[in-house]
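Biologist: Could you take me through this model one feature at a time, giving the general idea before the particular case?

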Amino acid sequence: MTDLQQLKNIKLDYEDNIAIVQLNQENSKVNILSRKMMNEFVPVFNHLKNDDNIKGIIVISAKPGSFIAGADINMFESVKSRDELYQMSRNGQEIMNQIEQSSKPIIAAIAGSCLGGGFEVALACHYRIAMNDKRTGFGVPEVKLGLLPGAGGTQRLLKNLSLSDALDLILAGKEIKAKKAKAMGLVDILVEPIRSDVQDIEEQNIEYLRSIAIRKVKEIVVQKPTKRKFGLMENIKSIIMLNSYVRNYILSQAQAKVMSQTQGLYPAPLKILDVIQQTLENGSKVGLNAEAEAFADLAITNEAKALISLFHGRTECKKNKYGKPEREIKTIAIIGAGAIGAGIAHVSIDKDFQVILYDTTSSALYHGQSQIIKSYQNYIKRNRITSTEYSRILSNLNCQTTFDNLEKCDIIIESVFEDLKLKQNILNELEQYIPEHCIFASNTYILSIHQIAANSRRPHKVIGMHYFSPVDKVELLEIIRAKQTSDNTICTAVSVGLKQGKIIIIVNDSPGFYTTRLLIFSFIELFYLLQEGLLPNDIDKATKKFGFHIGLAILLDSGVASRVAIGQLPPKSNSIAT
Ligand SMILES: CCC[C@H](O)CC(=O)SCCNC(=O)CCNC(=O)[C@H](O)C(C)(C)COP(=O)([O-])OP(=O)([O-])OC[C@H]1O[C@@H](n2cnc3c(N)ncnc32)[C@H](O)[C@@H]1OP(=O)([O-])[O-]
């Protein structure tokens, strides 16, 4: 029995007859539904449920940016048997049912990530209030771990959304922002954050959210809220949904999409469709059991294990192991306004970096600038940003054909052709203009950073930053450190990449680095296959069936091979540094 005076992950507060359950996972950046958290949450909840003095409950987080990031992913890895996983899902469902069936109103006051099991908690609550800011997002990303929402999430999303919207969320695992969640009926009230420059603004916003939640729950205690009225379109949709022909059509369309996107290589989306079909045909009791069975089946697959390991890998690649850079980076100059150079500018200007985009001719510059403007205009069309945000973001971009203002730069990212002499010349010339602290990064997939820095006055400030096209879509950034590159230079390059939203691998300066080297071996194999008489089309089909995003032959045809041929291969040593 947990002693309520000894809670480590939950702070229990009271205001009048309202209980505030404040989640604050010990020693963690995020709240998760770990065993430790649940061992406190369940007794706290039972205590509040049975205390006649308590009339309403608020579940809120003390951590800025994180409501609850889901069930503890490490917990699945430690479980030994399928039965245990089935039981874990059943227990989760039972807790959510108890929250939902509580006679006292329970409000989820959400600021930050509300994902997976965290979203399932919120959906089980009677009322959801969410902070309308960038960090607040809702989603069931379990499919990306090779799983499905296993604590009643499939059922509650089906109840709250149209079939197509529910499928969209569960099958893609995508995150939606608070405003969209409100428009979809998943959130009841949006709270605008307090806008201010004071330092502890996030804590103040949590306090503000808490005060609104307290006011709301007091209102609900006095007068139960009327059920959300569905609009005409929603009513028509649910009537149509009663028709099995329409339902099956939507499910078969979703299945066809899954097959074309995954080639059937991932079991989770197919299981999700199966659970949803069973629910629609037989009701939620059967649906809940199907959900738990599917959760257990999936959690023991190699695919889930591999995807979970990928999650851990990605988390590692989001860390800066070199600490904090000596200086804050404010201004970036990008040399070369081609597709990649413009892409680097694109992912920098919305992170409040001041960007100077340079090219030798106005027409080259115009192309790069147009690429950026077009993408951001598209974001406005898709409601990803407002026109005010657009203007603010674009005001960070300065395009020029001269080396003016380079004395303000903290980092230069050169992205010109793969020509060693050209890159060396640019570095030497720019060293006349840039300040002493400025670091120089070369965007190269093959040329030696050591050689690029051969004539540099400060080679310890030279590094490789290899971006991938399209830069605004591909998350990976390969950072190449030469022997002479200083730790602060690496640390600075990593901090810039992280702020640009990249996941980062750091590799040694050896032929092909890491990514190009992998590609070379694939191409060597491809040449053997072609020599043996296989057709490029068949090779493409086979590689795609195996899981490649695009066929290997078509990749070769896209010009990558000729670019790769510029380097001196084969590799001599292991290139992974960290
Ligand atoms: C029956 C159950 C059913 C249920 O439906 C199943 C689920 O919920 S499945 C879950 C569905 N949920 C998901 O798939 C969401 C997974 N999480 C995320 O997508 C991101 O972490 C998040 C966006 C939340 C924050 O991003 P950010 O701000 O860049 O922060 P960060 O990424 O750097 O993480 C900081 C630290 O927290 C750790 N950690 C985080 N989440 C979990 C977790 N669930 N578990 C364990 N650990 C987790 C992470 O490893 C890292 O640890 P460390 O020791 O410091 O290296």
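The dialogue below goes through the ligand shell, the cysteines, some asparagines and a few backbone details.

Modeller: Before anything else, note that this is a predicted model, in which local features need pLDDT of at least 70, side-chain atom pairs count only at pLDDT 80 or more, and totals for chains, interfaces and linings use all residues. Residues are numbered from 1 along each chain as its sequence is written, and side-chain values use heavy atoms, with hydrogens and water left out.

Biologist: How many residues surround the ligand, and which are the closest?

Modeller: A residue is near a molecule if one of its heavy atoms lies within 4 Å of it. Here 26 residues surround the ligand, and the closest are Ala71, Glu120, Glu142, Lys318 and Lys319. By class, the shell has 13 nonpolar, seven polar and six charged residues, where Ala, Val, Leu, Ile, Met, Phe, Trp, Tyr, Cys and Pro count as nonpolar, Asp, Glu, Lys and Arg as charged, and the others, Gly among them, as polar.

Biologist: Which helices and strands supply at least two residues of that shell?

Modeller: Helices (H or I, at least four residues) and strands (E, at least two) are DSSP runs, numbered from the N terminus. Helix 2 (73-78), strand 6 (113-115), helix 4 (117-124) and helix 13 (302-316) each supply at least two residues of the shell, and helix 2 gives the most, with three residues.

Biologist: Are the residues of helix 4 mostly covered or uncovered?

Modeller: Buried means under 20% relative accessible area, exposed over 50%, and partly exposed in between (1.4 Å probe, protein chains only). Helix 4 is mostly covered, with eight of its eight residues buried, and among them are Gly117 and Glu120, both of which have a polar atom 2.8 Å from a ligand oxygen.

Biologist: How many disulfides does a search of the whole structure find?

Modeller: A disulfide is a pair of cysteine sulfur atoms within 2.5 Å, and the search finds zero. The sulfur of Cys125 is 9.1 Å from the closest cysteine sulfur, in Cys114, which is too far for a bond, and the sulfur of Cys438 is likewise too far, at 5.6 Å from its closest partner, in Cys409. Cys125 counts as buried at 5% relative accessibility, and Cys438 is buried at 0%.

Biologist: Where is Asn31 found, and is it buried or exposed?

Modeller: Asn31 is found in the loop between strand 2 (18-23) and helix 1 (35-50), and it is buried, with a relative accessible area of 0%. A polar atom of its side chain lies 3.4 Å from the backbone oxygen of Leu23. Contact means heavy atoms within 4.5 Å; leaving aside neighbours within four places in sequence, the contacts of Asn31 include Leu23, Met37, Phe67 and Gly70.

Biologist: Which residues other than glycine have a positive phi?

Modeller: Asn27 has a positive phi of about 50° although it is not a glycine; it lies in the loop between strand 2 and helix 1 and counts as exposed at 79% relative accessibility. Phi of Asn405 is near 70°, and Asn405, in the loop between strand 13 (397-400) and strand 14 (411-414), is partly exposed at 31%.

Biologist: Where does a cis peptide bond occur?

Modeller: A cis peptide bond joins Ser469 and Pro470, with omega about -10°, and Pro470 is found in the loop between strand 16 (462-467) and strand 17 (476-481).

Methods:
Polar contact = N/O pair within 3.5 Å; in protein donor to acceptor, adjacent residues only side chain to side chain.
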